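Consider the chain shown here, taken one element at a time.

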Amino acid sequence: MNSVSGKDVQSVDESAGDSSSSCLVGYKVPPKEILRIVDQPREPLYSFSPMRDMVLEIKRPAAHPSVIDYSRPELKLAGVRLDPSGFCRSKLSYNTGLALAERNDDLKLPLEEEERRVISGIPEGFGIRDVSWSPDGTHIAFTLRRTHSDLDDARPPAELWITDVKSCKAKVLVKNVNSTFAQYAWIDESNIVVPIIPPNLGPSPTEGRPSFGPRIEDNTGGKKSQTRTYQDLLKNSHDEELFSYYCESKLVRVDIDTGHVQDFGDSSSRVYTAISSSPSGAYTLVSWLQKPWSYAVPCGRFPKVVQVWDAHGNFIKEIANLPLALHIPLAFDSCRTGPRGISWRDDKPHEVTWAECQDGGDPAVDVSPRDLVYSLDVSQPKKDPRVVGSTDMRYSGIVWCDDSFALMYESEWKTRKSRTWIIHPEGLGDPELLFDLNYEDSYNDPGSPVLRRNRDGSYVIAEIDKKKQILLTGAGASPDGSKPFLDLLDLESRSKRRLWRSSPPFYEVMSTILSDNVEGVIPLSDLQMLARRETEECPPQFSIATFASDGTLRDDKQISNFPHPYPGLVGMKKEILQYEREDGVKLNATFYLPPNYDKERDGKLPCILWAYPREFKSKDAAGQLRKSPHQFVNIGSTSPLMLLTEGYAILDGPSFPIFGEDNEEPNDTYVEQLTSSARAAVAELNRLGCVDTSRICVGGHSYGAFMAAGLLAHAPGLFKCGIARSGAYNRTMTPFGFQAEERTLWEAKETYAKMSPFMNADKIKDPLLLIHGEADNNPGTFPLQSERMYAALKGHGVTTKLVILPYESHGYSARESILHCLAEMADWLEKYC
């Protein structure tokens, strides 16, 4: 075991010899190898042009942002966190550079110096976001925000920039962009609609004299209204004023060639939330929120208006005017009444589609149909919308092809059923049932249709070789591990042919069609798709797969050569374990051993068991294997896998299924199933013979933290210690449901109490480290959960420690926070495991 522990330092120099890195006083840094993994440069992102003839390389920053950046002023309003100086969301990530290259037979990623053309003109100290191609692929738009400035300096709002792909010279188009909700939208290849801060906006509202009157919430009408535990809600009239001030924007239309800016719409300032151009570019779908604001629900439930305007901002048609949604039932599959899922049909020049529930949004109501799906050609706004589909379960979306067919989806949470229908949007035939499945049953998942770009720039179902013959791609879960596949399905005959399947020692995925620059049906001969290939030892690499006319893979050319991102972990050992718990449920986990581990030389190792429980409706689905032994290990910034460098074995993601069949409620036997899964995992580690089962730490994040604390309470002696990050431990503080639990506290008092580690704190005897973000806004996991849990453990004399990370939310993003979290974990394990 490595004895290096985290320590309070001012800079990383002392720990890692890296003079370019620093850590603020009061924060710890973990051992050197962990530090190197955290600071490992990230590979660029890539985007193919609409015509597939160019590749855009988007460079990402080398390290995580500093906590100093995260300490900038922030407003928490109506479920949204805002940067008041930037009129945008707070704590935004960004990119640092753009470069272009032609896609040819010699394409290599990362782009080679002699091939790449760097987009110039981007000023230093600015971050790049919201990158998009123009519909014709001749220009690239993006926003710029200042990334480096003193804390005392306000960061100005974003600017919209443009570059043409020939010159690669960038220029600013519009300043003072308000990107709190809506993003800019291409109208056509020459015009963009942008939400800007209203001109002549006065100073920010200041809080007036203290109010001495009472705050009153009124339900004297006796209306039943149940909501989950939301955070960052509006609290008073000053919050309302701030929400309006920072979220309202005005829409303008800018010509990218001339730079001419003009009002779009009626020049009113509103809380615009979305702007979307029709595939034809002739119309625009515009959404905004309107008063009254609410103190009880986040802004996603505020009154909302959705209208269609023409390409110059003239009113055409109102699609929805939705009231405040206070009374949506708690049950899963509940929804808002009125039009929902409003969007353009991808296969039509300018038709809007949406769904409307027929059950009042309550899945408990027995009604048929449950949802109706409408379509409206907005070039004929006075016509009534047509019903193009109906469902008896909750409608969950449509993937369009053309007038001849589309695929419509419906599902039901209670039964976990899912159906896929072939519908005929023009009414030429009845709907045909294509798939009737249990969506938890990964082994029988038929996959999803592969899409292609059409001439309007939308994505529709690709037809291959002939009409109504499509590609399906899926994860290919199986008892032997996931083996992604590509199938050719004839919708007329229902015959299916497997064109390709990933095979050992590779894990491969087919993703984007690159040969879709033809109209109509795409020939199977010369079908090209972007693929990703990886192995246990080699990180994911891109390749271009080319098929022959008979469907065989004719060529598979690798186009990238990314280096191993974790040199310190080269040589680690990985194994997929499969075992059973005492009730016969099949379980699986991924087991890791440190690089160069030798059982004879190193003996049995201490181990970290890191997990997250999941709910299932059936025993069979709970036991399915949904991972591959051939996948490369991608390590997240706070992953426990980094502790392999310190000599720990790690059991990552062991199955902790909680199932309840038929009318059984899974959580009524949560504790029994949880402890049974834990004992089975420890027994499997004992069978392997390379883990000291008296030195296992149980840990997890969020619901995994809830699990870890619960296991210390209900399985005493099974684990040496625990680590719980950003968890909720007292379910009486989430009385209207949590995770997959639909029942309220008053409907399942015993279950809530039995599941809650806080209620069983007197049973915990082993050391428990609690870590939490000070600004956690995840429903139910507010920091008070960890503070109360710590107080309960301390009150019973349990060895415990509470670490609150300033400015962090549910996950931890600032570099200092990440390093401190990992250092605390390493120290805890060194001392107690």
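**Helices, strands and the whole chain**

Helix 7 (residues 670-688) has 19 residues, and the distance from its first C-alpha to its last is 27 Å, close to the 27 Å expected at 1.5 Å a residue. The expected span of a helix is 1.5 Å times one less than its number of residues. Helices (H or I, at least four residues) and strands (E, at least two) are DSSP runs, numbered from the N terminus. This is a predicted model, in which local features need pLDDT of at least 70, side-chain atom pairs count only at pLDDT 80 or more, and totals for chains, interfaces and linings use all residues. Residues are numbered from 1 along each chain as its sequence is written, and side-chain values use heavy atoms, with hydrogens and water left out.

Helix 7 is mostly covered, with 14 of its 19 residues buried; buried means under 20% relative accessible area, exposed over 50%, and partly exposed in between (1.4 Å probe, protein chains only). After helix 7 comes Gly689, which has a positive phi near 85 degrees.

Helix 8 (residues 703-714) has 12 residues, which should span 16 Å at 1.5 Å a residue, and its end C-alpha atoms agree with this at 16 Å apart. Of these 12 residues, 11 are buried. Among them are Tyr703, Phe706, Met707, Leu711 and Leu712.

The strands come next. Strand 40 (residues 573-580) pairs with strand 41 in the antiparallel sense over eight bridges; two strands pair if DSSP finds at least two bridges between them. Within this pair, Gln578 stands opposite Asn588 of strand 41. The two strands form a hairpin with five residues between them, and Gly584 in the turn has a positive phi of about 90 degrees. Strand 41 (residues 586-593) has seven of its eight residues buried, so it is largely enclosed by the rest of the structure. Strand 41 also pairs with strand 44 (residues 649-652), again antiparallel, over three bridges. There, Thr590 has Asp652 in strand 44 as its bridge partner.

An open sheet of four strands has the order 36-37-38-39, with antiparallel pairing. Its edge strands, each pairing on one side only, are strand 36 (507-513) and strand 39 (553-558). On average, neighbouring strands of this sheet are turned by 30 degrees against each other, direction ignored; the axes are lines fitted to C-alpha atoms, for helices over the stretch in contact, and angles run from 0 to 180 degrees between N-to-C directions. Strand 38 (residues 541-547) is joined to strand 39 by five bridges. Thr546 has Asp555 in strand 39 as its bridge partner.

What does Gly79 contact, leaving aside its neighbours within four places in sequence? Its contacts (heavy atoms within 4.5 Å) are Gln231, Asp232, Leu233 and Pro298. Gly79 lies in the loop between strand 5 (75-77) and strand 6 (80-83). The C-alpha atoms of Gly79 and Leu233 are separated by 5.4 Å, although the two are 154 residues apart along the chain.

Taken as a whole, the protein has 11 helices and 49 strands. Its radius of gyration is 28 Å, close to the 28 Å that the globule rule gives for 833 residues, so it is as compact as a globular protein of that length. The radius is taken over C-alpha atoms, and the rule is 2.2 Å times the number of residues to the power 0.38. Buried residues make up 55% of the 833 residues.
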